[in-house]
Amino acid sequence: MKIDIKYLAIAICILLTNKPLFSQSGDTLENPILQMPVGYPGTLDSLYVLPNRYNWVSYPRLQRPNNNPDIDAPVNTENFLSNMYPFPNVLDQYGKNPNTTVEVHVRYKNNEWDNDGLGETYSTRGYKIETSNTGITYIPMTGTRLAPDHEITLYPGRAKENWVGYFVPYPQNPLEALSYVLPDMVMARGHDWAIVDMGGSNETLWILIPEDAVIKYGEMAIIETSAQKTFQWFSGKQEIENQTNDPENFQYEEKADYTAFIIEPDTSNLPLEIGAFVNDTCVGACVVEPGDSLVLLRGYMPAGEGDSVIFENYYGSRSANNQRLDDYYVFNKEKNRKERRAIKTGENKRFYLVSFNKKEGQEIAQEGFAIHVYPNPTTGILNIELENLSTSKYAVHISVFDPFGRRLFETAGNHAFPGTNFFKLKLADEAGISLEPGIYLLKVLVNDQTLTKKIIVK
């Protein structure tokens with residue numbers, strides 16, 4: 001196979017720096033040693049599109065009337081995309097106009113444009129784009145950046161999910177970046193992260209998976225809300241971009257959208273990768289890093305109904321422990337408990353919390369309560385399952401003590417409803433400082449009973 005040295009150099013630069021070759025935050029090139037490819041148009045910003053995937057992108061810098069950064073003026077989509085380099089034989093870009101239920105689409109193929117409602121491109125909106133190029137494709141942006149405090153109107157309902165561009169000129173934690181939306185948010189997703197509410201039907205507990213994810217300039221988020229809301233991106237501290245590893249053992253076809261499987265792996269025997277299967281066809285996979293208590297698996301589900309989703313733990317090519325799992329627990333948000341069942345295609349849910357942890361070491365109290373904690377040892381996040389075998393609701397107080405019996409912190413305002421109750425506890429003191437490695441005592445007070453569990457922080 002013939003390798004173009006020019007594109008090899010570009011690819012090495014991106015892999016080493018985890019950045020595009022050209023500046024996304026300044027008006028000059030960041031890498032003057034690696035020059036623009038011959039024929040590449042002059043540009044102030046440049047986004048890159050990766051091959052063999054749907055890229056979730058936005059275009060923060062566009063031509064605006066009088067170069068006014070406060071005006072979200074559109075540009076012609078076909079003219080804008082015609083500046084891509086190298087220009088592909090085939091490209092598809094999807095969008096979603098605000099307060100609508102139908103996706104719009106533009107396609108280039110056989111030297112012709114086919115435009116189905118995506119005639120204009122805006123900086124406030126997000127897009128999904130795929131090209132036929134086998135290497136990196138560059139999309140130049142010229143003009144004026146949209147002001148980071150520009151306001152966006154979000155519309156409620158699952159069918160009217162909002163595809164929103166991220167135009168703050170540095171990466172942030174998505175949960176912090178969306179802090180103004182949280183009171184009315186149902187769920188948010190990026191290409192490589194998800195924010196879901198795992199607090200049950202009576203309380204809110206926002207979780208970002210993976211917890212070190214960032215949203216970067218020129219990306220987009222899909223946001224679902226319960227009420228119409230005008231918001232602006234929170235411009236807080238800049239976060240460090242972390243390298244995202246792709247699974248190597250499982251092969252699957254990436255599609256424009258995914259179902260988020262939030263998986264609690266077997267903490268007693270962490271796999272290297274996890275794959276999801278429907279009828280022996282892999283529909284998605286993820287890498288499990290040491291210390292992960294939750295991982296995001298993007299599942300590209302088929303349209304058929306009634307087929308079970310089966311998972312596979314991969315421990316390495318030489319391991320005899322690789323195993324298919326059709327026996328797992330799924331969190332029921334409405335009932336606030338985990339149920340032992342199989343996920344079926346056609347359920348059409350945005351996300352699932354799936355647990356592979358066996359309920360070992362469960363402690364039973366005299367009056368019909370049981371407690372199970374995991375992972376244990378933990379790196380700082382503790383999952384607590386409290387079984388309430390009665391038919392009544394009780395207040396729950398959770399405390400953590402050091403080996404000398406000193407209470408480090410406590411939580412109040414929780415309730416145990418009949419059935420299985422799920423709580424997530426960040427092991428940090430009242431000042432927000434994470435607990436040092438060591439042995440601690442967890443005490444859960446419910447209905448005048450105290451359930452205790454020794455926990456290890458590593």
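# Questions on a predicted protein model

Q: In this predicted model, does N348 count as buried or exposed?
A: The relative accessible area of N348 is 58%.

Q: What is the phi of N66?
A: N66 is found in the loop between β3 (61–62) and β4 (75–76), and with a relative accessible area of 78% this residue is exposed. Although N66 is not a glycine, its phi is positive, with a value of about 55°.

Q: Which residue is joined to P210 by a cis peptide bond?
A: Most peptide bonds are trans. P210 lies in the loop between β16 (206–209) and β17, and the cis bond there has an omega of about -5°. The residue joined to P210 by this bond is I209.

Q: In which loop is P86 found?
A: The peptide bond from Y85 to P86 is cis, with omega near -10°. As for its place in the chain, P86 is found in the loop between α2 (77–81) and β5 (91–96).

Q: How many strands does the protein chain have?
A: The protein chain has 458 residues, of which 49% count as buried. Among its contacts between residues at least 6 apart in sequence, 67% join residues at least 24 apart. Besides three helices, the number of strands in the chain is 35.

Q: How many of the residues of strand β10 (residues 137–141) are buried?
A: In a regular strand the side chains alternate between the two faces of the sheet. In β10, T137, I139 and M141 lie on one side and Y138 and P140 on the other, and both of these faces are covered. The number of buried residues in this strand is therefore five of five.

Q: Which residue in β10 is the bridge partner of V49?
A: Strand β1 (residues 45–49) is joined to β10 by five bridges, and the two strands run antiparallel. Within β10, the bridge partner of V49 is T137.

Q: How far apart in space are F277 and F311, C-alpha to C-alpha?
A: F277 lies in strand β20 (residues 273–278), and with 8% relative accessibility F277 counts as buried. Leaving aside neighbours within four places in sequence, F277 is in contact with residues that include F250, V283, I310 and R324. F277 and F311 are 34 residues apart in sequence, while their separation in space is 6.0 Å.

Q: How many disulfides does the structure hold?
A: A disulfide is a covalent bond between the sulfur atoms of two cysteines. C282 is buried, with a relative accessible area of 10%, and C286 is buried too, at 5%. The number of disulfides in the structure is zero.

Q: Which strand gives the largest share of the lining of the largest cavity?
A: The structure holds one cavity of 30 Å³ or more, and about 30 Å³ of space lies in the largest cavity. Its lining is made by E161, M187, A188, R189, I222, E224 and R350, and the elements that give two or more residues to this lining are β14 (185–189) and β17 (220–225). The largest share, three residues, comes from β14.

Q: What is the relative accessibility of A194?
A: A194 has its place in strand β15 (residues 194–197). Not counting residues up to four places away in sequence, A194 touches several residues, among them M187, A188, R189 and L296. A194 counts as buried because buried means under 20%, and its relative accessibility is 0%.

Methods:
Residues are numbered from 1 along each chain as its sequence is written. This is a predicted model: local features need pLDDT of at least 70, side-chain atom pairs count only at pLDDT 80 or more; totals for chains, interfaces and linings use all residues. Side-chain values use heavy atoms; hydrogens and water are left out. Helices (H or I, at least four residues) and strands (E, at least two) are DSSP runs, numbered from the N terminus. Buried means under 20% relative accessible area, exposed over 50%, partly exposed in between (1.4 Å probe, protein chains only). Contact means heavy atoms within 4.5 Å. Two strands pair if DSSP finds at least two bridges between them. A disulfide is a pair of cysteine sulfur atoms within 2.5 Å. On a 1 Å grid over the protein atoms alone, a cavity is a set of points where a 1.4 Å probe fits but cannot get out, and a pocket is an open set with protein on both sides within 12 Å along at least five of seven lines; lining residues have an atom within 4 Å of a point. Grid points are joined across faces, edges and corners, and a volume is the space filled by probe spheres set on the points.
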